Amino acid sequence: MDYKLPYREQNSNKGTFGKVLNVAGSKNYIGAAYLSSLSVLKIGAGYVGLASEKNIIKAVSALLPETVFLSRKEGLNNINNFDVILIGCGLGQGFWSKYWFKKFVNKLRNSDKPVVIDADGLNIISKLNLSLPRNLIITPHPAEAARLLEISISDVITDTEHFAKELSNKYNCVTVLKTHRTIVCDTNGNIYKNEHGNSALSKAGTGDVLAGIIAGLLAQRMLPFDAAKLGVYLHSIAGELVSEELTEYSVLASDVVNYIPKVIKRINQQS
């Protein structure tokens, strides 16, 4: 695979590199909203709007003032102002989480905007019969994949390539099936098997980082399958590099984000 980063036009503004609406966060998952939003910006997108609850906005604004903050209703009403929608990171599965998830998905089902659904968004899909967006990437780990396919986790782990294809066929999407060797599959059955990464990425929050990276690449006009493949690669290399310094035991998701620039430099030096 040619690991080529999106081209950076010098005569540019924040709109040149795309705008991501991140529908994320809930009472117990403030960090997910922060990490996913930060990753969108670190990978090069020009603008991220976080549509969330008041307490989430208050917390994230202290950590990431570069984010634009909206209520869920404001995000829904202004959805056409964004190029990419990321939904699900730390969203929760309570009544209001499901309510807003359905609102956003229903608004997007006839849109061509790229949509990334992660984490609790996937758990909500597994419980509800929804018509999903047509330009979709899903990013399940094996337990989420098992719920989506109504099979056991052991089945998923036994044949990840097969079940990644099953997910792409069932949901008409690009699937990022996250394991120690993550599989990316599109609706045509094309497969990318990542050969990088280590146990440093087996830590809470790293999935939110990956979802943000992929959304940020989509904002820079990458095609969904290409953005998913490159996002997985960048994420895994960041995990390898940071663990050389901090060990695989001690890496945090925020450390992975902070190594994104080093991975970008490495790719640019190789190209």
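This is a predicted model: local features need pLDDT of at least 70, side-chain atom pairs count only at pLDDT 80 or more; totals for chains, interfaces and linings use all residues.

How many bridges join strand β1 to β4? There are 4, and the two strands, β1 with residues 19–23 and β4 with residues 84–87, run parallel; strands here, like helices, are DSSP runs numbered from the N terminus, of at least two residues in E for strands and at least four in H or I for helices, and two strands pair if DSSP finds at least two bridges between them.

Residues are numbered from 1 along each chain as its sequence is written, and side-chain values use heavy atoms, with hydrogens and water left out. The mean pLDDT, the predictor's confidence in each residue from 0 to 100, is 97 for the protein, with β1 the highest at 99.

Coming back to the bridges, V20 has V84 of β4 as its partner. On the other pairing, β4 is joined to strand β5, residues 115–117, by 3 bridges, again in parallel, and there L86 is partnered by V116.

Both faces of β4 are covered, since V84 and L86 on one side and I85 and I87 on the other are all buried, meaning under 20% relative accessible area with a 1.4 Å probe and protein chains only, whereas exposed means over 50% and partly exposed lies in between. By contrast, F95, which is found in helix α4, residues 95–108, counts as exposed because its relative accessibility is 59%.
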